Amino acid sequence: MDADVVIDLSQQALFVITMLAAPMLLSALAIGLLVGMFQAATSINEQTLSFIPKLLILVVAIMISGPWMLNLLLNYTRNLYQSIPGLIG
């Protein structure tokens, strides 16, 4: 087994994980910041107020970036399957 192939696949896996998580995390971060600023400005201290906007924005983010995320995951999986002969020997 070639160590360079394993390291390359590991780096690709980390990159794919980061790219798949980024749209959801960034959108939840942005809406959480906006709701937090709204709560601070209005002195509303309800903990559950940010749940529904975050849930809605996550659904929208998945609908918008879903095809891109699926394509990224399929390309990685295809690359992984094609590298199996190099991993075996």
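Patches are made of residues with over 30% relative accessible area and no salt bridge; like charges are joined within 9 Å, and nonpolar side chains (Val, Leu, Ile, Met, Phe, Trp, Tyr) within 5 Å. A salt bridge is a side-chain nitrogen of Lys or Arg within 4 Å of a carboxyl oxygen of Asp or Glu. One nonpolar surface patch here is made by F51, I52, L55, L56, V59 and M63, and covers about 620 Å². Accessible areas come from the Shrake-Rupley method with a 1.4 Å probe; for residues, only the protein chains shown count as cover.

This is a predicted model, in which local features need pLDDT of at least 70, side-chain atom pairs count only at pLDDT 80 or more, and totals for chains, interfaces and linings use all residues. Residues are numbered from 1 along each chain as its sequence is written, and side-chain values use heavy atoms, leaving out hydrogens and water.

Now the overall fold. The chain has three helices and zero strands. Its pattern along the sequence is α-α-α. Helices (H or I, at least four residues) and strands (E, at least two) are DSSP runs, numbered from the N terminus. The C-alpha atoms fill a box of roughly 65 × 25 × 15 Å along the principal axes. The radius of gyration, taken over C-alpha atoms, is 19 Å. A compact globule of 89 residues would have one near 12 Å, by the rule of 2.2 Å times the number of residues to the power 0.38.

Next, the interior. Of the 89 residues, 17% count as buried. Buried means under 20% relative accessible area, exposed over 50%, and partly exposed in between (1.4 Å probe, protein chains only). The largest nonpolar core has five residues: V16, L20, M69, L72 and Y76. Such a core is a set of buried Ala, Val, Leu, Ile, Met, Phe, Trp, Tyr and Cys residues joined through side-chain atoms within 4.5 Å. Helices α1 (3-42) and α2 (51-82) each give two or more residues to this core. α2 gives the most, with three. Beyond its neighbours within four places in sequence, L20 is in contact (heavy atoms within 4.5 Å) with M69, L72 and L73.

A61 touches P23, S27 and G66, leaving out residues up to four places away. The C-alpha atoms of A61 and L26 are 9.5 Å apart, though 35 residues separate them along the chain. M63 is also in helix α2. M63 is exposed, because its relative accessible area is 63%.
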